[in-house]
Amino acid sequence: MPRVIVVGSGIAGLTTALRVSSFADVTLLTKGSLEESNTLYAQGGIAAALFDDDDVDLHVADTLLAGAGLGDEDAVRILCSEGPARVRELIGSGVPFDREGAGLARGLEAAHSRARVLHAGGDATGRAIELTLAARVRASGVRILEHTMLADIVVEESRVVGARVVDDRGNRSTLAAEAVVLATGGAGRLYAHTTNPAVATGDGVAAAWRAGAELADLEFYQFHPTALAAPGGTLVSEAVRGEGAVLVDASGSRFMTRVHPDAELAPRDIVARGIARQMQLQNGSPVLLDATRLGRAFLARRFPTIQAACDAAGLDWARQPIPVTPAAHYWMGGVRTDAWARTSIPGLFAVGEAACTGAQGANRLASNSLLEGLVFAARAADALSASELPASPLTDTWTASAEPGEQRVGTDGAPSAADELRDVMWRFAGVERDADGLTEALGHLDRLQRGTSGDAGRADRASSAIAELEERNLLTIGRLVVLSALARGESRGAHFRRDFPETDATGEHSIMVNRAGEAAIGSSHRLSAREGFIGEVVAAC
């Protein structure tokens, strides 16, 4: 029986583990507890063409439009055509989606032409999915290693043979495997403001890059327009705007009507930039989200997570508008895959936010992320089932920490280098960018990577193997994001250049990078695609 390591425990990792466990010996690694992942915090819902007034072609068209010319049509069609069956499987597995009368309740979200978004527990959709799937994994034969972080992917003779990991007490091990599936989510902790939990430090993508895998579309980081401008930065789902809430400036006047015909329901990148610019006009003070027209009972029932966050911050959003700010939310880029989640390294697969399938293009359509994790996890399992995987020559080995003790997981309270990194990325590679700022960011990142940021925090870093790995991963990914943003001399989707504010008709291609220093323009997301090389990125990588 082949041995498969799944890294990550969100919707993509849990789905992969459950499906692969029917024909393989599965080990699931997760840096926190099994239930801790981006999925747990997903509020908006999951989109699927399940209703009589909707169809797959409409969902495809909406997804491609949001993707701003970079969506791979084949991948998008797979996402939208296979999505309904996968969502029905979730329903069959016991996920308690909200009901309306005798059927499923559904909501309309930004840039969708139909109301097709399912929710569970109002704004706790991800939590309902996560807890349901995690319970199934715990009841299965999957070996679960919690509080265990991927350090590196082991590659011999150009194929994956295992993984090196470290646990929360500093113990290190090498695990043999015929295949590794990366489902580690994104890297929101690159930025000072993010909706992501502390575990989102780009671990899988960074490890894939070190192993030599191709990455793509790294410059495209989606900033959610509305996070609560209060401690904790709770995401205020765009479903709130879908229900009728509006954005207003400090004087109480709507401003998005001057930015885009769809106003508050414009694509996320446009709303985020509109808010960022309005905040600049207000000397950095947050804009306000006015949901008062929706009523206290509706807000508490439909959005219990946001209600709790408002209560904790002393805000009464049923009576007064609440302060919001953009925040790093979702990464369209990642490890480049084909339609079956296979990467450029045999035996290495990637699913969910860690992958770049081409389905999200330059800008993700709202509530398509849970769907992508679900659909391509199932396809990864099918590909693994059909694969002949050569036996790994490795055997599992364990090395106890010389200084046992609990290790910190996540970047909260991180050493100064990680703090400075997040500030640099927010200032120079955030919602809006330009060449001067990106070049300045590279200088800061180079200094941080050389370890010349100062001695503060170095003892903490030495005492925590996980903290050191997280910092290494964030510095690696931060540099690659900046290089890719510099290489794309246009504005497209979630990538906006102040010095190149227009979209270039010749820019409908992906920028790929790998450890060998290659950066190429690819005509599609198929792994064989190549059109040329970008010398600046080659030299810098």
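Helices (H or I, at least four residues) and strands (E, at least two) are DSSP runs, numbered from the N terminus. By that rule, the protein has 15 helices and 23 strands. This is a predicted model, in which local features need pLDDT of at least 70 and side-chain atom pairs count only at pLDDT 80 or more, while totals for chains, interfaces and linings use all residues. Residues are numbered from 1 along each chain as its sequence is written, and side-chain values use heavy atoms, with hydrogens and water left out.

**Overall shape and burial**

- The C-alpha trace spans about 65 × 55 × 50 Å along its principal axes.
- Of the 541 residues, 60% are buried. Buried means under 20% relative accessible area, exposed means over 50%, and partly exposed lies in between (1.4 Å probe, protein chains only).
- Contact means heavy atoms within 4.5 Å. Among contacts between residues at least 6 apart in sequence, 71% join residues at least 24 apart.

- The buried residues are Ile11, Ala12, Gly13, Leu14, Thr15, Thr16, Ala17, Leu18 and Val20.
- The cover over these buried residues includes β1 (3-7), β2 (25-30), α4, β11 (179-182) and α10 (369-386).
- α1 (residues 11-20) packs with α4 (residues 125-138) at an angle of about 30°, and the two axes are 10 Å apart. That makes α1 roughly parallel to α4.
- Axes are lines fitted to C-alpha atoms, for helices over the stretch in contact, and angles run from 0 to 180 degrees between N-to-C directions. Angles under 35 degrees count as roughly parallel, over 145 as roughly antiparallel, 65 to 115 as roughly perpendicular and the rest as oblique.
- The crossing of α1 past α4 is left-handed. A crossing is left-handed if the near helix is turned anticlockwise from the far one by less than a right angle, and right-handed if clockwise.
- From α1, the contact uses Ile11, Leu14, Thr15 and Leu18; from α4, it uses Ile129, Glu130, Leu133, Ala134, Arg136 and Val137.
- By class, the contact of α1 with α4 has seven nonpolar, one polar and two charged residues. Ala, Val, Leu, Ile, Met, Phe, Trp, Tyr, Cys and Pro count as nonpolar, Asp, Glu, Lys and Arg as charged, and the others, Gly among them, as polar.

- α2 (residues 56-66) and α3 (residues 73-93) pack at about 135°, with their axes 9 Å apart. The two helices are therefore oblique to each other, and α2 passes α3 in a right-handed crossing.
- On the α2 side, the contact is made by Val56, Asp57, His59, Val60, Thr63 and Leu64, and on the α3 side by Glu73, Val76, Arg77, Cys80 and Ser81. This contact of α2 with α3 has five nonpolar, three polar and three charged residues.
- α3 also packs with α10, at an angle of about 90° and with the axes 8 Å apart. That makes α3 roughly perpendicular to α10.
- Here α3 contributes Ala75, Ile78, Leu79, Glu82, Gly83, Arg86, Val87 and Leu90, and α10 contributes Leu371, Glu372, Leu374, Val375, Phe376, Ala378 and Arg379. The contact of α3 with α10 divides into 10 nonpolar, one polar and four charged residues.

**Residues with positive phi**

- Most residues other than glycine have a negative phi.
- Ala263 is not a glycine, yet its phi is positive, about 50°. It sits in the loop between β14 (246-248) and α7 (268-281) and, at 8% relative accessibility, counts as buried.
- Asn283 also has a positive phi, near 55°. This residue lies in the loop between α7 and β15 (287-290) and counts as exposed, at 78% relative accessibility.

**Thr148**

- Thr148 is in strand β8 (residues 148-156) and, at 7% relative accessibility, counts as buried.
- Leaving aside its neighbours within four places in sequence, Thr148 contacts Leu29, Thr30, Lys31, Val165, Val166 and Asp167.
- Ala200 is 52 residues from Thr148 in sequence and 14 Å from it in space, C-alpha to C-alpha.
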